[in-house]
Amino acid sequence: APAIALSIASKALAAEGVHLQVRHEMSCEKEPFKQAYIARNFPGVPVFSDVVELAERAAAGKGQAGAAMATTSFGGERAIPDAAPGELKVLIAGTSCKDFSARKRATGVKLDIEDGGTSGETFLATVDYLFAAEHDLLLLENVITAPWAKMAGYITGRARLVDVFSSIQSSAKSQGAKKVDSTKAGVIGETLLELEDGGRLVVSQ
């Protein structure tokens with residue numbers, strides 16, 4: 001568990017004279033046996049049961065008086081914790097990998113982020129929660145075959161045109177088209193699309 005790893009790292013750094021204070025504020029897990037593991041090893045730490053609900057509640061409670069509430073693994077509700085002013089808020093997430101794994105794709109079922117599968121749903125909800133709760137840092141874990149470039153685009157608001165054209169070409173191929181014209185690969189490779197404040201689209205090299 002990341003919380004255990006950070007605790008070990010904190011103790012190792014302390015032995016070298018470097019002080020890193022880590023506080024495990026909450027967890028979110030849908031699998032009952034994983035919920036039980038977290039609850040047993042981190043007594044008192046709230047374990048929320050659904051990242052989709054967590055994101056929705058956090059977004060709805062933003063700017064409201066008092067902490068937003070969300071459902072825990074025990075069926076009750078707890079306040080969604082927040083860091084004190086001046087503390088670094090770190091979100092560590094391992095969203096579902098089922099639809100992104102090589103084994104899943106080998107069956108011929110290829111679900112992308114937007115296809116409504118568990119992997120896409122939990123990833124998008126995690127991104128929603130990231131911004132709703134205004135975390136400073138996200139550490140995201142998943143399988144190597146996950147669509148990392150697209151996932152990064154959802155988080156940063158930037159997308160490489162080479163990935164955009166690759167997606168268009170794959171879509172066209174699946175629909176029977178033989179070729180999709182694009183600009184030179186060398187130019188596309190370093191070109192970025194970005195949405196700035198106000199929704200203005202910026203293309204940069």
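## Overall make-up

The protein chain contains eight helices and nine strands, and the model described here is a predicted one. Of its 205 residues, 28% count as buried, while the accessible surface of the chain comes to about 13400 Å², with 56% of that area belonging to carbon and sulfur atoms. When contacts between residues at least 6 apart in sequence are considered, 50% of them join residues at least 24 apart.

## Strands β5 and β6

Strand β5 covers residues 90-93, and strand β6 covers residues 137-140. The two strands pair in the parallel sense, over four bridges, and within this pairing Leu 139 of β6 is the bridge partner of Ile 92.

In a regular strand the side chains alternate between the two faces of the sheet.

## The nonpolar surface patch

Val 90 and Ile 92 belong to a nonpolar patch on the surface, which also takes in Leu 6, Leu 13, Val 18, Leu 20, Val 22, Leu 88, Leu 137 and Leu 139, and which has about 770 Å² of accessible area together. Helix α1 (2-15), β5 and β6 each supply at least two residues of this patch, and the bridge partners Ile 92 and Leu 139 are both among its members.

Leu 13, another member of the patch, lies in helix α1. With a relative accessible area of 32%, Leu 13 is partly exposed, and a patch residue needs over 30%, so Leu 13 passes that cut-off.

Definitions and conventions
Residues numbered from 1 in each chain as written. Predicted model: local features only at pLDDT ≥ 70, side-chain atom pairs only at ≥ 80, totals over all residues. Heavy atoms only, no water. Buried < 20%, exposed > 50% of the residue type's maximum accessible area, 1.4 Å probe, protein only. Pairing = 2+ DSSP bridges. Contact = heavy atoms within 4.5 Å. Areas by Shrake-Rupley, 256 points an atom, 1.4 Å probe, with all protein chains shown as cover. Patch = residues over 30% accessible without salt bridge, like charges linked within 9 Å, V, L, I, M, F, W, Y side chains within 5 Å. Salt bridge = Lys/Arg side-chain N within 4 Å of Asp/Glu carboxyl O.
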